[in-house]
Amino acid sequence: MTEQIMTIKEVAGYLKVHERTVYRLAAKGDLPAFKVANTWRFRLQDIDHWIRQQTGAPASAGAEQTGRRAES
């Protein structure tokens, strides 16, 4: 299995935010990232895990969740 590595531009598109926001979050250590030759890189799996943490979804949550509550 190969890991998908993303650039700032790709992560910004994935998260639908400005590239500067991704850079700032990475530089602060709030977004999981690493540097290669002084440029930021991101593992897709780490970004997906970070999203689940931010939204409060369980770590085992998958794309199949609808986020809807059962009515009582």
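A crossing of two helices is right-handed if the near helix is turned clockwise from the far one by less than a right angle. That is the sense in which α1 passes α3 here, in a right-handed crossing. Please keep in mind that this is a predicted model. Here are my notes, point by point.

1. **The overall layout.** The chain holds three helices and three strands. Among contacts between residues at least 6 apart in sequence, 42% link residues at least 24 apart.

2. **Surface and burial.** Of the 72 residues in the chain, 19% are buried. The accessible surface amounts to about 5800 Å², and carbon and sulfur atoms account for 49% of that area.

3. **The helix pair.** Two packed helices are described by the angle between their axes and the distance between the axes. For α1 and α3, the angle is about 35° and the axes lie 12 Å apart. On the α1 side, the residues that meet α3 are V11, Y14 and L15. Their partners in α3 are L44, I47, D48, W50 and I51. By class, the residues of this contact are seven nonpolar, no polar and one charged. D48 is the charged one, since Asp counts as charged.

4. **The nonpolar core.** In soluble globular proteins, nonpolar side chains tend to be buried together. The largest nonpolar core in this chain has 13 residues. Within that core, I8, V11, V22, L31, W40, F42 and I47 touch the most other members. Two or more residues each come from α1 (8-15), α2 (19-28), β3 (39-43) and α3 (44-55).

5. Which residues does V11 contact, once its neighbours within four places in sequence are left aside? They are M6, V22, L31, F42 and I47. V11 is also one of the α1 residues that meet α3, and it belongs to the core members with the most contacts to other members.

6. **E19 in α2.** E19 sits in helix α2. Is E19 buried or partly exposed? Its relative accessibility is 38%, so E19 counts as partly exposed. Beyond its neighbours within four places in sequence, E19 is in contact with I8, K9 and A12. The C-alpha atom of E19 is 9.7 Å from that of T7, a residue 12 places away along the chain.

7. **The loop between β2 and β3.** I would look at the backbone here. A37 has a positive phi of about 50°, although A37 is not a glycine. N38 likewise is not a glycine and has a positive phi, of about 70°. Where do they lie? A37 is in the loop between β2 (34-36) and β3, and N38 is placed in the loop between β2 and β3 as well. A37 has a relative accessibility of 73% and therefore counts as exposed. N38, at 65%, also counts as exposed.

8. **T39 in β3.** T39 belongs to strand β3. At 34% relative accessibility, T39 counts as partly exposed, because that category runs between the 20% and 50% cut-offs. T39 and Y23 are 16 residues apart in sequence, and their C-alpha atoms are 9.9 Å apart in space.

Technical notes. Residues are numbered from 1 along each chain as its sequence is written. This is a predicted model: local features need pLDDT of at least 70, side-chain atom pairs count only at pLDDT 80 or more; totals for chains, interfaces and linings use all residues. Side-chain values use heavy atoms; hydrogens and water are left out. A nonpolar core is a set of buried Ala, Val, Leu, Ile, Met, Phe, Trp, Tyr and Cys residues joined through side-chain atoms within 4.5 Å. Buried means under 20% relative accessible area, exposed over 50%, partly exposed in between (1.4 Å probe, protein chains only). Helices (H or I, at least four residues) and strands (E, at least two) are DSSP runs, numbered from the N terminus. Contact means heavy atoms within 4.5 Å. Accessible areas come from the Shrake-Rupley method with a 1.4 Å probe; for residues, only the protein chains shown count as cover. Axes are lines fitted to C-alpha atoms, for helices over the stretch in contact, and angles run from 0 to 180 degrees between N-to-C directions.
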